[in-house]
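Hi everyone, thanks for coming. Let's go through one protein chain together, and do keep the picture up while I talk.

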Amino acid sequence: MVKRAMPSNLFARALLILVVPMLLSQLVIAHIFYDRHWGSVSRNLANSVVGDLVWLHETYDTEYKAHGHEAALGRTIALGEQLRVEVQYRPAENKVRAGTRGNRQFPDLHRGLEERLKQPFSIRFDDDKHNVIVRITVVDGLLDLSMSRKVLSSPTTMIFMLWMMGTSLLLTAIAILFLRNQVRPIVQLARAAERLGLGQDVTDFKPRGASEVRRAGRAFLVMAERI
């Protein structure tokens, strides 16, 4: 089955020998990167965001008990500006069901909030502004805590993927150019042998390429001269 699947062309076979191991190594590197480095980075970023959101929630509750709604909201909004989190208050018209949204899109964030928050919350993604919005139940209503999605992702992932893809394409292009130059003398030798078999002149053939190919070319010329 492997032999039938392999291309018959020497150039294609040689290219597979070079490209397939390179692609496999890239896949292994990408798997290790995502499984270990990227997973660890994502969890650390999510834990940092969870700490900020819990801090905002506790600030509102503490200020509300001490000074009422207006003071609590003002203090929370001011703290949110320092943490780059937009804070909006909403009356408790619709109850938030704990864990109903955001678990699939933001599993690390959802898990961290579930561990540290006792109140129901939900997570959603705002496509228009590319923001993540966490809605948390407070004493007298709901708090919408909005932040950029960039705080939950690292730009190193895209940079790493671009570098990996760019390097693979560059190495593949170099391999194609190199293999063409190496295969061309073998093709010329085969054509010369075909011409000799048809009784045509092969005096214009000159051995080129790697030492083994040149050796075969010189042997062919000696054979042609004897014939």
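Accessible areas here come from the Shrake-Rupley method with a 1.4 Å probe, and for residues only the protein chains shown count as cover. With that, the protein chain has an accessible surface of about 15400 Å², and 57% of that belongs to carbon and sulfur atoms.

Some ground rules. This is a predicted model, where local features need pLDDT of at least 70, side-chain atom pairs count only at pLDDT 80 or more, and totals for chains, interfaces and linings use all residues. Residues are numbered from 1 along each chain as its sequence is written, and side-chain values use heavy atoms, leaving out hydrogens and water.

Okay, the layout: six helices and four strands, running α-α-α-β-α-β-β-β-α-α along the sequence. Helices (H or I, at least four residues) and strands (E, at least two) are DSSP runs, numbered from the N terminus.

Buried means under 20% relative accessible area, with exposed over 50% and partly exposed in between (1.4 Å probe, protein chains only). Of the 227 residues, 33% count as buried.

Now find T76, in helix 3 (residues 69–83). T76 is buried, with a relative accessible area of 0%. What does T76 touch, not counting residues up to four places away in sequence? The list is L56, T59, Y60, V87 and L143, where contact means heavy atoms within 4.5 Å. Also, a polar atom of the T76 side chain sits 2.7 Å from the backbone oxygen of A72.

Note on methods:
A polar contact is a pair of N or O atoms within 3.5 Å; within protein, one must be able to donate a hydrogen and the other to accept it, and residues adjacent in sequence count only if both atoms are side-chain atoms.
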